[in-house]
Amino acid sequence: QVRLVESGGGLVQPGGSLRLSCAASGSIFSIYFMGWYRQAPGKQRELVAGMSSGGSTNNADSVKGRFTISRDNAKKTVYLQMNSLKPEDTAFYYCKVKYSTTGSASISASWGQGTQVTVSS
């Protein structure tokens, strides 16, 4: 069983920074994708930033130039550095990982439990 543990959310003033972390553990053989999504009240969950196994990234237009996704393969951890935060960044942030497990050819996906990010003065 694969488990994702997120950390780093909280309350920050506009213009501030936060760094989210998501560590994966369990019977992971290969990781194909690690990414961050967010969901604000009354809105659909949206991709914020994602990174493929080859290192290519895909960021939402709303966060380009402010958020940076990175990963530590050895630690099976993905990070989201969020700078110049705005009130509209307020949401529950979830990490998602696509992976294969030892002895299986299929690709599975798991979600983290989510962490609240609130940007307010």
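Is R3 buried or exposed? I looked up its relative accessible area: 56%, so R3 is exposed. My cut-offs are under 20% for buried, over 50% for exposed and partly exposed in between, with a 1.4 Å probe and protein chains only.

**Ground rules**

I am reading a predicted model, where local features need pLDDT of at least 70, side-chain atom pairs count only at pLDDT 80 or more, and totals for chains, interfaces and linings use all residues. Residues are numbered from 1 along each chain as its sequence is written, and side-chain values use heavy atoms, with hydrogens and water left out.

**Entry: R3**

I placed R3 in strand β1, residues 3–7. Strands here are DSSP runs of E, at least two residues long; helices are runs of H or I, at least four long; both are numbered from the N terminus. I then listed contacts, meaning heavy atoms within 4.5 Å. Leaving aside neighbours within four places in sequence, R3 touches A23, A24 and S25. I also checked S30, which is 27 residues from R3 along the chain. Their C-alpha atoms are separated by 14 Å.

**Entry: the whole protein**

I counted zero helices and 11 strands. Next came the radius of gyration, taken over C-alpha atoms. The globule rule is 2.2 Å times the number of residues to the power 0.38. For 121 residues a compact globule would come near 14 Å, and the protein has 14 Å, so the two agree. The C-alpha trace spans about 50 × 25 × 25 Å along its principal axes.

I noted that buried residues make up 42% of the 121. Among contacts between residues at least 6 apart in sequence, 56% join residues at least 24 apart.

**Entry: R38**

I found R38 in strand β4, residues 28–39. Its relative accessibility is 6%, so R38 counts as buried.

**Entry: T115**

I located T115 in strand β11, residues 115–119. At 12% relative accessibility, T115 is buried. Its side chain reaches the backbone nitrogen of G9 at 3.3 Å. Not counting residues up to four places away, T115 touches E6, G9, L20, A91, F92 and Y93.

**Entry: two loop residues**

I looked up phi for K76 and found a value near 50 degrees, positive in a residue other than glycine. K76 lies in the loop between β7 (67–72) and β8 (77–82). Its relative accessible area is 28%, so K76 is partly exposed.

Where does S84 lie? I found S84 in the loop between β8 and β9 (91–101). Phi of S84 is near 50 degrees, again a positive value in a residue other than glycine. With a relative accessible area of 40%, S84 is partly exposed.

Definitions and conventions. A polar contact is a pair of N or O atoms within 3.5 Å; within protein, one must be able to donate a hydrogen and the other to accept it, and residues adjacent in sequence count only if both atoms are side-chain atoms.
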